[in-house]
Amino acid sequence: MRALSDSEIRGSFVNCSKGEARRLPVPRDLAGLPWPDLDFLGWRDGGAPDRAYLVADRADGPVGITLRVPTGPRRSLTRTNVCSLCITSHAGSGVALLAARRAGEAGREGNTVGTYVCADLACSLYVRGLRKSALVTRPDESLPLEEQIARLTGRLDDFLTKVLAS
């Protein structure tokens, strides 16, 4: 992914108002992010645990979406869930159902779409083996890394297309 500026990130959001996009917390050290290893920029809102944000650089420019994270009791650490984007297994609450309000009129009417994603939104780093945890496993893949990345970006693009559909 190419490095994005604060203003590019804020201007990319499609499922919130311009005022909301101006107020949302953008990661502080944008220059320090591992941009070449990211397929999308994803982060959680430190001040609001039920909010997350995702920005992907698509062919027609960056597209950002706000996401809601379910709140409630934490899952058991013995239960395993799989991210639908990067196919990484996490124990407990390492995978979350992230819901995005749809863009346009559909979103104003309350329509949402959701998908199960790594709760820390670090899918790109898990695929590349740059982030690991004792509780995180990835299946042994026969696909080359480039194809795993293509699968991740394809699934992300499918999700974003659903958010953008009117």
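The largest cavity has a volume of about 30 Å³. This value, like the others in this report, comes from a predicted model. The count of cavities of 30 Å³ or more comes to one.

The lining of the largest cavity consists of Leu-54, Leu-67, Leu-85, Leu-98, Thr-115, Val-117, Leu-121 and Phe-159. Seven of the lining residues are nonpolar and one is polar, while no charged residue takes part.

## The nonpolar core

The largest nonpolar core holds 44 residues, and the members that touch the most other members are Ile-9, Phe-13, Phe-40 and Cys-123. At least two residues of this core come from each of the strands β1 (41-44), β2 (51-58), β3 (61-68), β6 (95-101) and β7 (112-118), and likewise from each of the helices α4 (123-127) and α5 (145-164). The most is given by α5, which supplies six residues.

The surroundings of Ile-9 can be listed in detail. When residues up to four places away in sequence are not counted, Ile-9 touches Leu-4, Val-26, Leu-30, Leu-41, Trp-43 and Val-55.

## The aromatic residues

A pair of aromatic rings is described by the distance of the centres and the angle of the planes. Two aromatic pairs are counted in the model. In one of them, the ring centres of Phe-13 and Tyr-53 are 6.2 Å apart and the planes stand at 85°; the pair is therefore edge-to-face, as the angle is over 60 degrees. This pair links distant parts of the chain, 40 residues apart: Phe-13 belongs to the loop between α1 (6-11) and α2 (18-23), and Tyr-53 to strand β2. Both Phe-13 and Tyr-53 are buried.

The rings of Trp-43 and Tyr-53 have centres 5.3 Å apart and planes at 35°, so this pair is classed as tilted. Because Trp-43 lies in strand β1 and Tyr-53 in strand β2, the pair ties together parts that are ten residues apart in sequence. Trp-43 has a relative accessibility of 9% and so counts as buried. Tyr-53, at 5% relative accessibility, counts as buried as well. Together, Phe-13, Trp-43 and Tyr-53 make up one aromatic cluster.

## Leu-125 in helix α4

Leu-125 is part of helix α4. Its relative accessibility is 12%, and Leu-125 therefore counts as buried, the limit being under 20%. Apart from residues up to four places away in sequence, Leu-125 touches Pro-34, Asp-37, Leu-38, Leu-130 and Arg-131.

Leu-125 and Leu-24 are 101 residues apart along the chain, and 24 Å separates their C-alpha atoms.

With a relative accessible area of 1%, Leu-160 is buried. Once neighbours within four places in sequence are left aside, Leu-160 is in contact with Leu-54, Ala-56, Arg-58 and Ile-65. Of these, Leu-54 is also among the residues that line the largest cavity.

Leu-160 and Val-113 are 47 residues apart along the chain, and their C-alpha atoms are separated by 9.4 Å.

Key:
Residues are numbered from 1 along each chain as its sequence is written. This is a predicted model: local features need pLDDT of at least 70, side-chain atom pairs count only at pLDDT 80 or more; totals for chains, interfaces and linings use all residues. Side-chain values use heavy atoms; hydrogens and water are left out. A nonpolar core is a set of buried Ala, Val, Leu, Ile, Met, Phe, Trp, Tyr and Cys residues joined through side-chain atoms within 4.5 Å. Buried means under 20% relative accessible area, exposed over 50%, partly exposed in between (1.4 Å probe, protein chains only). Helices (H or I, at least four residues) and strands (E, at least two) are DSSP runs, numbered from the N terminus. Contact means heavy atoms within 4.5 Å. On a 1 Å grid over the protein atoms alone, a cavity is a set of points where a 1.4 Å probe fits but cannot get out, and a pocket is an open set with protein on both sides within 12 Å along at least five of seven lines; lining residues have an atom within 4 Å of a point. Grid points are joined across faces, edges and corners, and a volume is the space filled by probe spheres set on the points. Ala, Val, Leu, Ile, Met, Phe, Trp, Tyr, Cys and Pro count as nonpolar, Asp, Glu, Lys and Arg as charged, and the others, Gly among them, as polar. Rings of Phe, Tyr and Trp (its six-membered ring) pair if their centres lie within 6.5 Å; planes under 30 degrees apart count as stacked, over 60 as edge-to-face and the rest as tilted.
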